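Subject: Structure handover, with notes on aromatic and charged contacts

Dear colleague,

Please find below the structure that I am handing over to you.

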Number of protein chains: 2
Amino acid sequence: MIKVAIVGYGNLGRGVERSLKQNPDMELVGVFTRRAPETVETDGATAYHMQDLVAKKNEIDVCILCGGSATDLPVQTPEITQHFNTVDSFDTHAKIPEHFAAVDQVAKENHTVSVISTGWDPGLFSLNRLYAQAILPQGETYTFWGKGVSQGHSDALRRIEGIADATQYTIPNTEIIERLKAGEKLTLTTRDKHLRECFVVLEEGADEEKITEEIVTMPNYFSDYDTTVHFISQEELNRDHKAAPHGGTVLHTGTTHENTKQVIEYRLDLESNPEFTASVLVAYARAAVRLANEKQFGAFTVLDIAPKYLSPIDVETLRKELL
Amino acid sequence: MIKVAIVGYGNLGRGVERSLKQNPDMELVGVFTRRAPETVETDGATAYHMQDLVAKKNEIDVCILCGGSATDLPVQTPEITQHFNTVDSFDTHAKIPEHFAAVDQVAKENHTVSVISTGWDPGLFSLNRLYAQAILPQGETYTFWGKGVSQGHSDALRRIEGIADATQYTIPNTEIIERLKAGEKLTLTTRDKHLRECFVVLEEGADEEKITEEIVTMPNYFSDYDTTVHFISQEELNRDHKAAPHGGTVLHTGTTHENTKQVIEYRLDLESNPEFTASVLVAYARAAVRLANEKQFGAFTVLDIAPKYLSPIDVETLRKELL
């Protein structure tokens, strides 16, 4: 049995707790949190204070770090990797090399393994981009996200004065996807690839027109997109727009000899983004423990790990059944 | 530069020759054939007789074996792996474990690397089955092939008395795929998953009705499927049905907490099956050479090889650009 600790218990941590129940070779030691443990409502796991983590060193094979990329993981992953094998979902793209270097040094010094930046993007989408580009070097890779809820954009809406609550969907332009798959060569702008749809609950007395204008012109978040805004009631938002679906497509269109077209497509359609991301983290937690058992210490990403390390099934059986 | 030899020069070998031209880190030493070399028309490569292969040992980093699975590869892969790193596309499913064991022993004894059973199925589809099942253990994996030409079924048609020429398409049942993606749980028979469509040129005086009956009732090949038969002229067959498109879908539908649905889909849409398969072999040839440089000798499959080994780009750049 692989003994797992969850560090940080928000939506992702809860997803990991749920995923572990589907993996009979893994058992959950507990949830470690900065909050008062007695205030944390889990799905059955025991909650401990974060400061008790290191004392449980002998009971834990791997820590799945479920904090945020902005402030938690840059500190937590190197710190906890001093004592434990770890997995994180660090997704601040520009800082991944720096994060990798910091964690790699700690892991090598302390004879641990850390798998950083897992999940689906970065993660499964990254490795699909790699496979596709290596196989069809004469080609183009396109990544589309959605239809799904963007937490960052929803938060940006909620920060606007006069908005009580909001959900933002990122919507891929399916017509463009179909044209690319049919072999058209397109030069795409940000506006071509995705649409943004906002469901907004106003505070009393707020001005629809003014707020719409403020949304669609917001730099970085909305101004480069075609954005539609719907004003609805809090009841409607709660009923229809509080789930966290997401997904997306990695599309690679290449040519082999002359103009022979070859298309590789990888698609995710997820009813729960945090639960799916959690499931990826759990599979890579298994890989982390195995790599540590083989004394392959250091930091890893999904690009560095052979597929077989993710499965609980022995490789002879995998060869027999999956090849 | 990685120096490559092509062993066997049919459609697949020709595809490898074409693919190598798209990979600037690789160069083709020559094509090795059992035929008289002067009778082999290549796309520019020098043709040598197979018996001259071993003498060129110092000029070759990896041999891409392009023979057939029925009789060539079971003999050639172990034999050539005594002297060279090799890659093959051995696809006789039931014999893969045996083939792996034989090649692994030779490779370990001779300090070489052999990547067996690459291509797209077995190959890319196998690793997608693995990733999906490891991430969503509570789920079902479905593989659909086509729309594409099945050489085996086309050959079976051509063996029928009264048939001059024929092409057979395997067609996935897209309605079933859509229902599975929508979350339906279906128990599928062979007949439900694929249709078979035959384009047949008759010899003079052959009886359409009798031949149709013989086709649709042919055990193993057609009797378990809904099969349609079209009789056309040789001109029409040559014009419209002599390409080798193929493709398919690996669909994994899983659930995380309770009934939260998650769908992973991997799709290939290929205008040339042999050229795409060749492109996969070439990427794994690069991996074979790198594994040999790291002295990781033995047999490998796609399940055993980390994605980074396939790319000509260094891993720091991959982390920066693809994650």
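In which helix do A:Arg158 and A:Asp155 both lie, and how many residues apart are they? Both lie in helix 5 (residues 151–158) of chain A, three residues apart, which is about one turn of the helix; helices here are DSSP runs of H or I with at least four residues, strands are runs of E with at least two, and both are numbered from the N terminus.

Before going further, please keep in mind that this is a predicted model, in which local features need pLDDT of at least 70 and side-chain atom pairs count only at pLDDT 80 or more, while totals for chains, interfaces and linings use all residues. Residues are numbered from 1 along each chain as its sequence is written, chains are lettered from A and ligands numbered from 1 in the order in which they are written, and side-chain values use heavy atoms, with hydrogens and water left out.

Salt bridges

The side chains of A:Arg158 and A:Asp155 meet in a salt bridge, at 2.5 Å from N to O, where the term stands for a side-chain nitrogen of Lys or Arg within 4 Å of a carboxyl oxygen of Asp or Glu. A:Arg158 also meets A:Asp165 in a salt bridge, at 3.2 Å from N to O. A:Arg158 is partly exposed, with a relative accessible area of 32%, and A:Asp155 is partly exposed at 33%, whereas A:Asp165 is buried at 10%; buried means under 20% relative accessible area, exposed over 50%, and partly exposed in between, with a 1.4 Å probe and protein chains only.

Over all chains, a search of the whole structure finds 42 salt bridges. One of them joins A:Asp43 to A:Arg14, with the closest N and O atoms 3.6 Å apart. This pair links distant parts of the chain, since A:Asp43 is in the loop between strand 2 and strand 3 of chain A and A:Arg14 is in helix 1 (residues 11–20) of chain A, 29 residues apart. A:Asp43 is partly exposed, with a relative accessible area of 29%, and A:Arg14 is likewise partly exposed, at 25%. There is also a network of salt bridges that links A:Glu178, A:Lys181, A:Glu265, B:Arg267 and B:Asp269.

Aromatic rings

The search of the whole structure finds eight aromatic pairs over all chains, a pair being two rings of Phe, Tyr or Trp (its six-membered ring) with centres within 6.5 Å, called stacked if the planes are under 30 degrees apart, edge-to-face if over 60, and tilted for the rest. Among them, A:Phe32 and A:Tyr48 are stacked, at 5.0 Å centre to centre and with 20° between the planes. A:Phe32 is in strand 2 (residues 26–33) and A:Tyr48 in strand 3 (residues 47–49) of chain A, 16 residues apart. A:Phe32 is buried, with a relative accessible area of 0%, while A:Tyr48 counts as partly exposed at 21%.

In chain B, B:Tyr169 and B:Phe199 form an edge-to-face pair, at 5.7 Å centre to centre and with 85° between the planes. Both residues of this pair, B:Tyr169 and B:Phe199, are buried.
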